[in-house]
Amino acid sequence: WALCVIEGVERLARYGARARQFARDHQSEGHPWAWTEQPDFKVFWDAPALVLFCAQRGNPEAPFDCCRAAQNFMLAAHARSLGTCWVGAPLPWLNDPGAAEELGLPDAFEPVVAIIVGHPAEQPPGSPRPRPTVFWCAPK
């Protein structure tokens, strides 16, 4: 896997607008993405940097490695008082060959995880999440 870093609030805002339009143009029939129609939605949330965790094509384990690395990256960033957010909205556009070429992403890799990074303007309270169901699996 590889990391690709893209910097610049304005640059990311332009890319975010293109990712949003790409999503509008490529929605599955009957399964629209509501975020594409929200007027104030920002794909990259005015973050100054985007880190893409890219998997090597043809390696079935690489996407899993990207996810593990991304989680560790987010924890390390938090320990340094940086804010992060795992964003999925831009991935369809980022995986489009034209966008990948324009961004300069390496040919042998495909974006799996997109994480924005910056100094958080606020620390919103977390929302409670339901606990997962735990199954104790015994041999039959």
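Visitor: How do you know whether Glu37 counts as buried or exposed?

Guide: Glu37 has a relative accessible area of 53%. Buried means under 20% relative accessible area, exposed over 50%, and partly exposed in between, with a 1.4 Å probe and protein chains only. Glu37 is therefore exposed, at 53% against the cut-off of over 50%.

Visitor: And what should I keep in mind about the model behind such values?

Guide: This is a predicted model, where local features need pLDDT of at least 70 and side-chain atom pairs count only at pLDDT 80 or more, while totals for chains, interfaces and linings use all residues. Residues are numbered from 1 along each chain as its sequence is written, and side-chain values use heavy atoms, leaving out hydrogens and water.

Visitor: What makes Arg24 and Glu37 a salt bridge?

Guide: Their closest N and O atoms are 3.3 Å apart. The rule asks for a side-chain nitrogen of Lys or Arg within 4 Å of a carboxyl oxygen of Asp or Glu, so the pair qualifies. This pair links distant parts of the chain, with Arg24 in helix H1 (residues 9–25) and Glu37 in the loop between H1 and strand S2 (49–56), 13 residues apart. Helices (H or I, at least four residues) and strands (E, at least two) are DSSP runs, numbered from the N terminus. Arg24 itself is partly exposed, at 31%.

Visitor: How many salt bridges does this rule give?

Guide: The count comes to five. Among them is Asp46 with Lys42, at 2.7 Å from N to O; Asp46 is partly exposed at 44%, and Lys42 is partly exposed at 39%. Another is Asp65 with Arg68, at 2.6 Å. Both of these residues lie in helix H2 (residues 62–79), three residues apart, about one turn of the helix.

Visitor: Why does Arg20 have no salt bridge?

Guide: The nearest side chain of opposite charge, Glu37, is 6.3 Å away, and the rule wants within 4 Å, so no bridge is counted. For charge, Lys and Arg count as positive and Asp and Glu as negative, with His and the chain ends not counted. Arg20 lies in helix H1 and is buried. The side chain of Arg20 does reach the backbone oxygen of Thr36 at 3.1 Å.

Visitor: Are Cys54 and Cys66 buried or exposed?

Guide: Cys54 has 0% relative accessibility and counts as buried. Cys66, at 0%, also counts as buried.

Technical notes. Polar contact = N/O pair within 3.5 Å; in protein donor to acceptor, adjacent residues only side chain to side chain.
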